[in-house]
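Please open the model in a viewer and keep the selection panel at hand. The stops below are meant to be followed in order.

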Amino acid sequence: MSLQIARGREAKPPLRTVRPRQDVRPQLKEATVAAPIALPAKKAALRFPVNSETRAFYKKFYPGTSTVEWNDWRWQMRARIRTRDELVRIFSLSADEFDAVSRYTGSLPVGITPYYASLMGLEDPREPLRRTHIMTGDEYLTTPGEDDDPLAEDHDMAAPGIVHRYPDRVLFLTTGTCSTYCRYCTRARVVGNPGGEYNFSTRQWEQALAYLEKHTEVRDVLLSGGDPLTLGDDKLDWLLGRLRAMKHIEFLRIGTKMPVVTPQRITKSLVAILKKYHPLWMSIHFTHPNELTDEVTESTARLADAGIPLGSQTVLMKGINDDIAVMKPLMQGLLKRRVRPYYLYQCDPIRGSAHFRTKVEKGLEIIKGLRGYTTGYATPIFAVDAPGGGGKIQIAPDFVAGRDGDDLLLRNFEDGVYRYPDPGGTLGAGK
Ligand code: SF4
């Protein structure tokens, strides 16, 4: 059975759906007391908060859509904004955006869930979330050092979909589908592109699994893509089950943006599946505090309540989040939602991304603006993913001020210099 992912169509899961057995025992006791008025099962399962701005948005642009439909992640996926006409129906496109969308022939299509669109500035082309998802003319400019595969993932492709760069862990590219397509995506060559570089199919998954079965040094598997949470519950359950059955794989991670852009995906049934495969961690892709809605509070709470440790990943982008006044509330808001800020990434030099990239020192400036000024847990690691396959390289502000004999001189977050007795040490000498 083919699992070929084609735009707008996903093939059936690799396993036959196993329906949960119904409990047919008579409910005699309950029958004698007044039952609480309950929503029909399907409706109850889809119950999810809808923030007031989003509600106004969908009443205006999706009239006739019920809350049950709106809160169904599959509806959100089907209703994604994919065409210029759909964009024009909802956004006041600038001439630049209109032209860029009209010229589009590239590998990364437009895709925005109605929910995520409801968070964007409909009239303002400079609004941060909109800038990350609607193409502009800048995307067609290639600058020196840019590449379609800047991290040389293809070079480290040990088996179809398996990037094996580090000794004990692998990246497993599971799908080419995302619910929204970020204009700065490092994997623009892979995602949203049917017939693209990787042919995501059961055969590919089987080849990847065969590789992992043989490579017992791999103890950590990061499922990514595309977005693994765009896979249906059955497929995900099957894949996680196969991985968990390998005794040497101690640790599973999922990299996803779904809890942010389609928070309705975090259904109770999905959480019940994920819970079976602990230890399972999740890295969630956040960009801006405007994403921290009631819906995201719910999606992250469901995951955290299931015992899934949550970390965030954020790409630093010019004019979008390269300001401590934006980054600090984002990081603090994540902590409030039990998401530990994990990585702040320098934007990868993907082709056509110069308009998003800041100078590297901007990242250091952000870290300096967090370190000491807010909870330590709210300060992520700032990293550059080295072009050419060097992997993530952490860059941190230097708090070593020098050395005075047996004293190490350290600079604190307010630039005060303090002595630490360090007899025989050499750190700081020559500064
Ligand atoms: S969600 Fe991730 S994989 Fe998908 S387009 Fe955005 S950055 Fe790329």
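The model is predicted: local features need pLDDT of at least 70 and side-chain atom pairs count only at pLDDT 80 or more, while totals for chains, interfaces and linings use all residues. Residues are numbered from 1 along each chain as its sequence is written, and side-chain values use heavy atoms, with hydrogens and water left out.

**The 10-stranded sheet.** Select strands β3 to β12, which form an open sheet of 10 strands with mixed pairing, in the order β3-β4-β5-β6-β7-β8-β9-β10-β11-β12. Strands are DSSP runs (E, at least two residues), as are helices (H or I, at least four), numbered from the N terminus; two strands pair if DSSP finds at least two bridges between them. At the edges stand β3 (157–159) and β12 (391–394); each has a single partner strand, so one side of each lacks a neighbour in the sheet. Neighbouring strands are turned by 30° against each other on average, direction ignored. Now select β4 (residues 162–166) and β5 (residues 169–173), an antiparallel pair with three bridges; V163 stands opposite L171 of β5.

Within β9 (residues 310–316), select T314. Is T314 buried or exposed? At 0% relative accessibility, T314 counts as buried (under 20% relative accessible area, with exposed over 50% and partly exposed in between; 1.4 Å probe, protein chains only). Its contacts, not counting residues up to four places away in sequence, include F286, M327, L330 and Y345.

**Helices α11 and α13.** Select α11 (residues 233–244) and α13 (residues 268–275), whose axes come within 10 Å and cross at roughly 5°. The two helices are therefore roughly parallel (angles under 35 degrees). D233, L236, D237 and L240 of α11 meet S269, L270, I273 and L274 of α13.

**The ligand.** Finally, display the ligand with C178, T180, Y181, C182, C185, G226, K257 and H285 around it (a heavy atom within 4 Å). This shell has four nonpolar, three polar and one charged residues; Ala, Val, Leu, Ile, Met, Phe, Trp, Tyr, Cys and Pro count as nonpolar, Asp, Glu, Lys and Arg as charged, and the others, Gly among them, as polar.

Conventions:
Contact means heavy atoms within 4.5 Å. Axes are lines fitted to C-alpha atoms, for helices over the stretch in contact, and angles run from 0 to 180 degrees between N-to-C directions. Angles under 35 degrees count as roughly parallel, over 145 as roughly antiparallel, 65 to 115 as roughly perpendicular and the rest as oblique.
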